[in-house]
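Here is a briefing for a first look at this structure. Please keep the sequence and the 3D view open while you read.

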Amino acid sequence: LPDKYRPYVQGIRQETEALGGVVTNFLNFARPHPVAFAPVDVERLARRAADDLQHELPAGTHVEVTGDFADIQGDELLLRQVFSNLLRNAAEACESAGVTPTIRIKGATDRTHGTCRVIVEDNGPGIPAAVRDKVFRPFFTTRSRGTGLGLAIVQKIVLTLHGRVTVGATAAGGASIELAFRLVAPQEISAL
């Protein structure tokens, strides 16, 4: 291929890949996915998602996993997608604000109420209070290159797994996404 055509071919390839990503996200949101409920080690899954995405995230991105986690009743494949979407969103928000991403995944287990909360926080610009109730709507985005499906897919999966998801802000103003899941019941652990 002559050098003068290479930029055009690269541009076409990049746009084709971006369009492929939009279609894939839309299909993931639209089609029902069979759920395979089983005990899931959320801490291990969060660490794995961070490791798997390290090469995709902006240079210098730091992901920290801390706190008290417990096994939850969920679907490992779907939860991997949840963490991947949240990590990508956080990193992209930080990068677009010109900040090196620092993402914290914090666990908090409440055995009395049988729940495990997972909070994903970043040091980005945060999500304005005026749009927090809209971020889970399909195709709503505040980014020029966003599809508006990432958080919609997160919410769909979390609700499918009988969990809850809320959005807020960190003390420093970054975004905070909180997930809450049901713990694996003791009889489910002993059956393993």
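In which strand does Gly-168 lie? Gly-168 belongs to strand S6, residues 164-169. This is a predicted model, in which local features need pLDDT of at least 70 and side-chain atom pairs count only at pLDDT 80 or more, while totals for chains, interfaces and linings use all residues. Residues are numbered from 1 along each chain as its sequence is written, and side-chain values use heavy atoms, with hydrogens and water left out.

**The chain as a whole**

- The chain has five helices and seven strands. Both are DSSP runs, numbered from the N terminus: helices are H or I with at least four residues, and strands are E with at least two.
- From the N terminus on, the order of elements is α-β-α-β-β-α-β-β-α-β-β-α.
- The chain has 192 residues, and 38% of them count as buried. Buried means under 20% relative accessible area, exposed means over 50%, and partly exposed lies in between, with a 1.4 Å probe and protein chains only.
- Take the contacts between residues at least 6 apart in sequence: 71% of them join residues at least 24 apart. Contact means heavy atoms within 4.5 Å.

- Gly-168 has a relative accessible area of 16%, so it is buried.
- Leaving aside neighbours within four places in sequence, Gly-168 is in contact with Arg-132, Gly-174, Ala-175 and Ser-176.
- Gly-168 and Gly-126 are 42 residues apart along the chain, and their C-alpha atoms are separated by 8.3 Å.
- Ser-176 sits in strand S7, residues 175-182. Ser-176 counts as buried because its relative accessibility is 11%.
- Beyond its neighbours within four places in sequence, Ser-176 is in contact with residues including Ile-119, Val-120, Glu-121, Val-167 and Gly-168.
- Glu-121 lies in strand S5, residues 115-122. Glu-121 is buried, with a relative accessible area of 15%.
- The side chains of Glu-121 and Lys-106 are joined by a polar contact of 3.3 Å. A polar contact is a pair of N or O atoms within 3.5 Å; within protein, one must be able to donate a hydrogen and the other to accept it, and residues adjacent in sequence count only if both atoms are side-chain atoms.
- Leaving aside neighbours within four places in sequence, the contacts of Glu-121 include Thr-102, Arg-104, Thr-170 and Ser-176.

**Helices H2 and H3**

- Helix H2 (residues 42-53) packs with helix H3 (residues 76-96) at an angle of about 55 degrees, and their axes are 9 Å apart. Axes are lines fitted to C-alpha atoms, for helices over the stretch in contact, and angles run from 0 to 180 degrees between N-to-C directions.
- H2 and H3 are therefore oblique to each other. Angles under 35 degrees count as roughly parallel, over 145 as roughly antiparallel, 65 to 115 as roughly perpendicular and the rest as oblique.
- Among the residues that make the contact are Val-42, Leu-45 and Leu-53 of H2, and Leu-79, Phe-83 and Leu-87 of H3.
- By class, the contact of H2 with H3 has nine nonpolar, one polar and five charged residues. Ala, Val, Leu, Ile, Met, Phe, Trp, Tyr, Cys and Pro count as nonpolar, Asp, Glu, Lys and Arg as charged, and the others, Gly among them, as polar.

**Helices H3 and H4**

- The axes of H3 and H4 come within 9 Å and cross at roughly 150 degrees. H3 and H4 are therefore roughly antiparallel to each other.
- In H3, Leu-78, Val-82 and Leu-86 are among the residues that meet H4, where the partners include Leu-151, Val-154 and Ile-157.
- The contact of H3 with H4 has eight nonpolar, four polar and no charged residues.
- Helix H4 covers residues 150-160, and its buried residues include Leu-151, Ile-153 and Val-158.

**Two loop residues**

- His-162 is in the loop between H4 and S6. Its relative accessible area is 63%, so His-162 is exposed.
- Phi of His-162 is near 65 degrees, a positive value in a residue other than glycine. Most residues other than glycine have a negative phi.
- Pro-34 is in the loop between helix H1 (6-30) and strand S1 (38-41). Pro-34 is exposed, with a relative accessible area of 61%.
- Pro-34 and Leu-78 are 44 residues apart in sequence and 9.8 Å apart in space, C-alpha to C-alpha.
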